[in-house]
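Please keep the sequence and the model at hand while reading.

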Amino acid sequence: ECITTMADDEDVLELVKYPAGMGLRSMGDDCMIVETLMRFQGITFVETTSLNGTQSTTGHLPVLSSNTDAISGVFNIIDYLRKHHEVDSHLVTDPRLFAECKALSGYVYDRLSPCISYLWVWTNENWESRFEPAIGNHISWTQRWYVPARLLNAHEARIRRATCFANGDQVTQEEVLAVARETFSVLNARLGSNSFLFGARAPSSGDAVAYG
């Protein structure tokens, strides 16, 4: 399934992402970050949905492809967009703000992404009643076991790798909510009364990572 229109120039960007589900634009938070950033910047691209991460060097979506490159990993994609599509160009002229944008993005991602994984897959109600059925709408019956299992394993691995939890194998919902609240408190303090982070006149990659 492809939506939106192709770019006018020869270097057409294709964003391969997990399909929509559970009321979200994508059943992958990394995919939503990249899509939000590209829409922030008015970058035209072809959007393709898939549940197959084999085309990615990380084994997971999103993948951003041009005529010459295929980039995997949310921060690799952001770096590519900075280099080739002027993402964060309004911050580059201020080295301090640019460094803060990169640091805050990493901090927020490392804390919120495992929280999202926990709420999606480590609470049986969400996984069994929402996430797994949503995946089932996009796959054949022969894939009904291994595709959900692969995605579940990826989310569980992310939770176990997380350094924001005391023990990745024994995370509680109270701990997840505490980490999320603390992270959003940091974001709210940095945002203040501004429309975008860092007091910038336009959204940055930091805004996409935090709120995408």
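## Helix H6

A residue counts as buried under 20% relative accessible area, exposed over 50% and partly exposed in between, with a 1.4 Å probe and protein chains only. Helices (H or I, at least four residues) and strands (E, at least two) are DSSP runs, numbered from the N terminus. In H6, the buried residues are Val147, Pro148, Ala149, Leu151, Leu152, His155, Glu156, Arg158 and Ile159.

## Basis of the model

The model is predicted: local features need pLDDT of at least 70 and side-chain atom pairs count only at pLDDT 80 or more, while totals for chains, interfaces and linings use all residues. Residues are numbered from 1 along each chain as its sequence is written, and side-chain values use heavy atoms, leaving out hydrogens and water.

## Helices H2 and H4

Contact means heavy atoms within 4.5 Å. Val74, Phe75 and Arg82 of H2 meet Phe98, Cys101, Lys102, Ser105, Gly106 and Tyr109 of H4.

## Loop residues

Leucine 61 and proline 62 are joined by a cis peptide bond, with omega about 15 degrees. Proline 62 lies in the loop between strand S3 (46-49) and strand S4 (63-65).

Aspartate 88, a residue other than glycine, has a positive phi near 65 degrees. Aspartate 88 is placed in the loop between H2 and helix H3 (89-92) and is buried, with a relative accessible area of 0%. Phenylalanine 198, also not a glycine, has a positive phi of about 70 degrees. Its loop runs between helix H7 (173-191) and helix H8 (205-211), and phenylalanine 198 is buried at a relative accessible area of 6%.
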